Protein chains: 2
Amino acid sequence: MSADSNTAATVADLMDGLGRAARHAAAALALSSGEDRNRGLRSIAAKIRVAAERILAANQADLDAGRQQDLGAAMLDRLTLDAKGIEAMAAGVEAIAAMPDPIGRVSSEWQRPNGLSIQRVSVPLGVIGIIYESRPNVTVDAAALCLKSGNAVILRGGSESFRSNTALYECVREGLSEVGVAADAVQFVPTTDRAAVGYLLSSMSRWLDVVVPRGGKGLIRRVQEDARVPVIGHLEGICHVYLHAAAALDMARAITLNAKMRRTGICGAAETLLVDRANASNVLPPVANALIEAGCELRGDAAVCAMIAEATPATEADWSTEYLDAIISIRIVDGIEHAMQHIRQYGSAHTECIVTDDAAAAARFCREVDSAIVLHNASTQFADGGEFGMGAEIGIATGRVHARGPVGAEQLTSYKYVVRGSGQVRA
Amino acid sequence: MSADSNTAATVADLMDGLGRAARHAAAALALSSGEDRNRGLRSIAAKIRVAAERILAANQADLDAGRQQDLGAAMLDRLTLDAKGIEAMAAGVEAIAAMPDPIGRVSSEWQRPNGLSIQRVSVPLGVIGIIYESRPNVTVDAAALCLKSGNAVILRGGSESFRSNTALYECVREGLSEVGVAADAVQFVPTTDRAAVGYLLSSMSRWLDVVVPRGGKGLIRRVQEDARVPVIGHLEGICHVYLHAAAALDMARAITLNAKMRRTGICGAAETLLVDRANASNVLPPVANALIEAGCELRGDAAVCAMIAEATPATEADWSTEYLDAIISIRIVDGIEHAMQHIRQYGSAHTECIVTDDAAAAARFCREVDSAIVLHNASTQFADGGEFGMGAEIGIATGRVHARGPVGAEQLTSYKYVVRGSGQVRA
């Protein structure tokens with residue numbers, strides 16, 4: 001046997017072991033009480049607080065290695081943890097514990113003429129595989145949301161955050177063990193071997209009910225190609241802010257600045273600004289100035305470059321680029337139809353915003369733009385489960401099947417029908 | 001270029017053409033009014049009634065060919081249409097038209113402390129591919145449900161029902177054309193070339209948002225292997241009736257007989273009977289007699305064979321076989337735990353029933369059995385969208401992602417979030 005096939009066998013054994021343990025834990029978890037699961041969550045939060053220094057040290061080691069490997073600024077930003085971030089993680093887990101139990105809820109209930117009573121009752125999905133990159137807090141958020149919703153989970157983080165993820169996973173495991181709640185329900189792939197991702201996607205349909213990929217284009221392409229289990233997709237966010245002819249200047253400036261620059265590395269950050277020609281000469285210069293002052297690079301079409309000296313020409317590729325950085329592409333459009341056509345052509349159906357005082361234009365934009373989140377007069381950076389009031393999120397789903405938009409605990413459930421009769425048979 | 005690659009190119013061109021047309025129609029359909037879509041549906045129903053003789057003649061040709069090819073009895077049963085069935089199809093389409101519009105519905109709505117108002121609004125899935133076998137009414141039911149829910153659809157029926165499907169598809173197309181409603185929204189693969197299924201599954205992610213397979217194990221395996229688009233799976237139904245120790249004899253007999261014999265070829269037909277040992281000697285003989293009198297073959301474990309002279313020994317394979325025929329496997333179990341363990345091991349998570357007068361046992365069974373539909377004191381043959389009050393169904397989904405149980409118009413939708421603000425930016 002060659003070394004390669006030895007490795008392959010080892011990865012397969014390792015992954016099947018994780019899968020078997022997760023499947024076993026999922027069956028128990030599905031029948032656990034909400035209070036048991038909440039006890040586990042609170043115990044995890046306590047462990048995270050106690051281990052803060054250990055987590056920060058592991059994160060520092062990841063950051064040092066990342067800088068040596070010339071990771072980009074956006075990647076390093078997403079990778080970085082600090083004391084405040086760790087406390088926020090622990091508090092986030094407690095907030096998830098405090099939310100209502102998403103399992104066993106009767107979401108619909110009706111009676112048939114023949115006397116049958118039908119209930120639709122929420123149940124866990126089962127075992128969820130989560131493949132993610134850079135951001136270590138996903139380890140904790142995803143584990144907590146899966147536990148809350150009665151699911152077992154297999155976590156596979158990026159190699160760049162392996163040390164941080166491992167430290168956080170230890171808190172999860174210890175927290176659950178200490179209170180005797182389903183410690184096996186959260187599994188962590190303890191290797192950066194990329195073969196593990198391939199095996200998880202292609203050969204674990206026995207153990208996995210769904211895979212949630214969170215990452216860049218390379219990961220998404222791989223998942224699309226290799227997955228033999230259902231996928232809840234999290235694509236990139238090429239988010240648009242559209243300044244309609246009836247946009248108020250102050251609001252246009254404040255929303256554009258926030259949508260682009262509040263945090264450039266998140267998927268809800270705006271990447272393209274569309275400005276109605278009718279109002280461009282009034283609105284664009286002050287908006288552009290605000291962006292430039294905040295350190296943003298502008299790439300515009302010819303009309304924009306003619307108006308804004310600092311703008312450089314945008315190429316065709318710019319319109320479909322997720323910069324995740326302090327860069328914005330700007331285009332002048334001929335009204336709402338043109339704006340929506342641009343979004344249809346270049347967008348990723350994630351999040352778009354219209355700024356306008358015209359109610360009819362807003363209503364049309366909200367109805368016709370086919371994205372997971374459509375906002376009127378609010379920043380695209382609100383595209384976030386926490387901001388939606390869901391407590392936390394795995395990410396923003398851009399697919400149309402199962403869940404769309406922020407994926408919180410409620411979105412990680414399935415349902416079953418319970419039908420109660422008194423001896424009914426079908427005619 | 002060889003003949004083979006010529007054929008492949010032709011299939012690819014053909015399928016891409018259907019996909020492009022469907023995608024184009026879907027965009028228009030998503031913005032159509034519910035009343036427009038209902039007008040299209042009513043026109044289809046009228047066309048079906050007018051074309052009844054043409055449809056029956058096509059169906060007769062399919063049946064003749066099927067008999068020549070030695071199709072099984074269950075397959076021929078599912079393939080057969082009669083005048084009553086055609087009228088039921090037309091009436092079914094009208095019933096779908098009369099249902100509330102599933103699109104544009106606000107399923108949830110809330111306000112955030114910062115003043116943002118959030119609505120979750122139902123939208124179509126987009127373009128749905130439906131791959132089905134034998135039953136020609138799926139052509140009409142699926143087209144109607146997809147139209148109702150604002151989706152375009154690409155239909156690919158089985159070769160054994162190709163003539164029937166073609167005749168029915170002509171009614172759909174003519175019905176829509178006549179009233180000028182999205183005639184391109186329903187596409188039909190006009191060839192029995194199996195390469196078309198492969199292409200649809202593997203190479204049409206640009207045109208398709210989801211695929212719904214309805215068929216036997218071979219199709220399901222192929223879909224799982226080849227699909228590069230999301231799948232709403234419809235697996236086989238290995239449905240169980242469990243006669244608990246506290247089952248009343250008359251009800252046990254009536255439900256078992258109906259669950260198995262009312263119609264043996266549907267996925268909600270019972271395939272396995274589980275009987276508590278504590279009550280078996282009282283309940284099993286009369287239940288078995290009723291089945292035998294109705295023409296059912298019994299295959300039992302050793303204890304059953306000792307009790308029922310007509311029963312032949314069941315093999316291990318019987319417990320996981322979907323007969324779709326007048327055959328039932330019977331096993332004696334040691335109480336509810338054992339019954340649920342059998343269902344977990346051999347079932348397909350479709351539909352299970354407990355017959356009992358013991359409320360605690362019923363509650364436990366309904367809570368712990370992890371199937372799409374769990375019934376207490378009612379026949380498994382109620383596993384049907386129509387019987388659930390959904391109007392019609394594409395089938396019974398056995399996956400856990402997106403939809404589970406009967407898939408009607410409401411299950412063929414996605415949603416988006418509409419967020420309305422007054423200039424909010426994120427802190």
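This is a predicted model: local features need pLDDT of at least 70, side-chain atom pairs count only at pLDDT 80 or more; totals for chains, interfaces and linings use all residues.

User: Okay! How many residues does the contact take from chain B and from chain A?

Analyst: Two residues are in contact if their C-beta atoms, placed from the backbone, lie within 7 Å. Here, chain B gives 56 residues and chain A gives 56 residues.

User: Which element brings the largest share of the side of chain B that touches chain A?

Analyst: Elements are DSSP runs numbered from the N terminus: helices are H or I with at least four residues, strands are E with at least two. On chain B's side, β16(B) brings the largest share, 11 residues.

User: And which strand of chain A pairs with β16(B)?

Analyst: In general, strands of a sheet pair through backbone hydrogen bonds, either parallel or antiparallel. We say two strands pair if DSSP finds at least two bridges between them. In this model, β13 of chain A (residues 373–378) pairs with β16(B) in the parallel sense, over five bridges. Look for A:A378, which stands opposite B:Q424.

User: What is the strand order in the open sheet of chain B?

Analyst: Its four strands run β5-β4-β3-β6, with parallel pairing. β5 (186–188) and β6 (210–214) are the edge strands, each pairing on one side only. Inside the sheet, β3 (residues 127–132) and β4 (residues 152–156) of chain B are joined by five bridges, with B:V127 partnered by B:A152.

User: Now chain A: why is strand β8 largely enclosed?

Analyst: A residue is buried if 20 or more other C-beta atoms lie within 10 Å of its own, exposed if 12 or fewer, and partly exposed in between, with C-beta atoms placed from the backbone. Seven of the seven residues of β8 (residues 270–276) of chain A are buried, so the rest of the structure largely encloses this strand.

User: Which strands are joined to β8(A)?

Analyst: β7 (residues 239–243) of chain A runs parallel to β8(A), with five bridges, and A:V241 has A:L273 as its bridge partner. β11 (residues 327–333) of chain A is also parallel to β8(A) and joined by five bridges; there, A:L273 meets A:I330.

Notes. Residues are numbered from 1 along each chain as its sequence is written. Chains are lettered from A and ligands numbered from 1 in the order in which they are written.
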